[in-house]
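Have a look at the structure first, then read on.

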Amino acid sequence: MADLREDPYPDVYVGGGFSDPAEASLPGTPPDGTTPPDGTPTTGPGPDRRRAMWRAGRIPGAVAVVTGLVLVCHSFVPNTPGNLGSLLETLLPWTGLAVPALLLAALLRRSVPTVIATLLLGAVWFAVFAPLFLGGCNDAEPNLTVVTHNVNADNPDPAATARTLLAAAPDLVALEEVTDDALPAYRKVLDRRLTHSVRIGTVALWSRYPITESRRLTIDPGWSRSLRALVRGPNGPLAVYVVHLPSVRVGVSGFTVARRDDTLTALDRFLDHEQQKRVVLLGDLNGTTTDRGLAPLTSRLTPVEDLAGTGFGFSWPAAFPIARIDHILTRGVTPTDAWTLPATGSDHRPIAAGLRA
């Protein structure tokens, strides 16, 4: 016979306390044991789960915010030590890769705030670089096509490189790193179409129009790789600069741009005294126009891609370009188009532009 004094619902020990099975929550009921007014069990994640999901998106959300701040405020990043500001600005377009990566992370973590932060980052990136993709809409008809190319002193096939450049039907061709051994090969191809030329040191200019004067620019003592020429263009005289600035490197000491920047300062002094209203500068500047080091130059001359480009136009290295360090800049002429030519035997890609001069 059962003992009537025995509790039909014995207490059960559960993780440090006792609970009554009769008071256990049914599946779907809130943790406090209450039920909704209509008696229907709740579904979906509880408050703890929702807080965990929000916390899961904190890191990618923070990365999105910081990347956006870098895009907007990159000029405030100090250049000491190691010229980090210039290095950051050189690679600034590549911050766009963070947008798809962060968006994927936000979706996987189901983090609404991170999705919003990433979309805002994408909007900021587009606002900064949109002009490079929305150019080429100028209604002016070009009357001058110009090409510049660092042909590489070790180019294995100079003649083939010259033929690639002529395929753009240029009126002006500027070359950098022209060696004594390679010069005859360039002349043999280019002289047939561009009958006027000048070569000073390791830079050279070929022109369809007469070159009435030319001289060396002494902007980098000990080197001869910059020149100024006066070209009798389709609508009058045109000052043409061909420039190859010193190289930069990334090493243990940082981003070494001091010599390049010193040479830029000397080039700026020549441009300050330039009397011609129409100016075209072509060459390898070993820097991007987003790099603050080129600001003195871009404040005087306008990069063609800013007004007539169809993208970033990266030119180096040729195998997988990551930066546009070869440039065409103008003053007093209207860029109508800008593009990159196919790779040659050089470690740079040639770039071209249509101008209304």
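Predicted model: local features only at pLDDT ≥ 70, side-chain atom pairs only at ≥ 80, totals over all residues.

## Pockets and a sheet

The second largest pocket holds about 290 Å³ of space. Of its 19 lining residues, Leu132, Thr289, Thr290, Glu305 and Asp306 sit closest to the centre.

Residues are numbered from 1 along each chain as its sequence is written, and side-chain values use heavy atoms, leaving out hydrogens and water.

A pocket here is an open set of points on a 1 Å grid over the protein atoms alone, where a 1.4 Å probe fits, with protein on both sides within 12 Å along at least five of seven lines; lining residues have an atom within 4 Å of a point. Volume is the space filled by probe spheres set on the points, which are joined across faces, edges and corners.

| Pocket | Volume | Lining |
|---|---|---|
| Largest | about 430 Å³ | 23 residues |

In the largest pocket, Val248, Arg249, Asn286, Trp316 and Ile325 lie nearest the centre.

Now the sheet: 6 strands form an open one, ordered β7-β8-β9-β12-β14-β13, with mixed pairing (strands are DSSP E runs of at least two residues, helices H or I runs of at least four, numbered from the N terminus; pairing takes at least two DSSP bridges). β7 (211–216) and β13 (302–303) are at the edges with a single partner strand each, so one side of each lacks a neighbour in the sheet. Strands β9 (236–244) and β12 (279–284) pair in the parallel sense over 6 bridges, and Tyr241 stands opposite Leu281 in β12.
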